[in-house]
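Here's a quick briefing for anyone new to this structure. Have a look at the sequence and the model first, then go through the points below.

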Amino acid sequence: MGSGGAGGRFDLPEADAFSRTYWDAAAEGRLLVRRCGACGRAHHYPREFCPHCWSEDVRWEQASGRATLYTWSVVHRNDLPPFGERVPYVAAVVDLVEGPRMMTEVVECAAADLRVGMEVEAVFREAGEFRVPVFRVRVPQ
């Protein structure tokens with residue numbers, strides 16, 4: 001995450017040569033994970049090696065965007081810009097169907113309606129020149 005250098009905002013990613021693929025996909029509304037060719041496990045946040053077996057045989061893979069809610073907390077105070085204008089908001093951890101656990105935010109749902117294990121789906125929020133993945137409750141189709 002950013003250090004607040006871009007106009008004093010602390011929610012902006014710092015894209016580099018490696019993470020640019022991730023952020024370009026997010027700009028198109030696609031969530032990517034990395035999958036290891038050696039052990040077959042997916043991981044998130046993206047790294048250049050597998051955190052499970054340490055192999056460097058990892059590749060980008062488009063995730064489904066589907067997950068289940070693992071845990072959450074309602075943030076009532078955050079003095080870092082622009083979070084203060086968003087409070088209260090729901091900081092959460094979700095389990096992607098591909099396997100990795102991901103820190104995120106749940107949007108478009110009252111905190112009182114959240115339940116562990118509920119199905120959520122990725123949507124993307126504008127953040128400066130980036131789009132970042134957040135999750136909302138999944139409506140069965």
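Val97 sits in the loop that links strand S5 (89-96) to strand S6 (101-106). Strands here are DSSP runs (E, at least two residues), numbered from the N terminus. This is a predicted model, where local features need pLDDT of at least 70, side-chain atom pairs count only at pLDDT 80 or more, and totals for chains, interfaces and linings use all residues. Residues are numbered from 1 along each chain as its sequence is written, and side-chain values use heavy atoms, with hydrogens and water left out.

**Val97**
- Val97 counts as exposed because its relative accessibility is 54%; the cut-offs are over 50% for exposed, under 20% for buried and partly exposed in between (1.4 Å probe, protein chains only).
- Leaving out residues up to four places away in sequence, Val97 touches Ser64, Arg66 and Ala67, where contact means heavy atoms within 4.5 Å.
- From C-alpha to C-alpha, Val97 and Ala17 are 27 Å apart in space, and 80 residues apart in sequence.

**Glu121**
- Glu121 belongs to strand S7 (residues 119-127).
- With 17% relative accessibility, Glu121 counts as buried.
- Its contacts, not counting residues up to four places away in sequence, include Gly65, Val134 and Phe135.

**Cysteines**
- A disulfide here is a pair of cysteine sulfur atoms within 2.5 Å, and the count by this rule is 0.
- Cys36 is in no disulfide, and the nearest cysteine sulfur, that of Cys53, is 3.7 Å away.
- Cys36 is buried, at 2% relative accessible area.
- Cys50 is in no disulfide either, with the nearest cysteine sulfur, that of Cys39, 3.7 Å away.
- Cys50 counts as buried, at 0% relative accessibility.

How values were computed:
Helix = DSSP H or I, 4+ residues; strand = E, 2+ residues; numbered from the N terminus.
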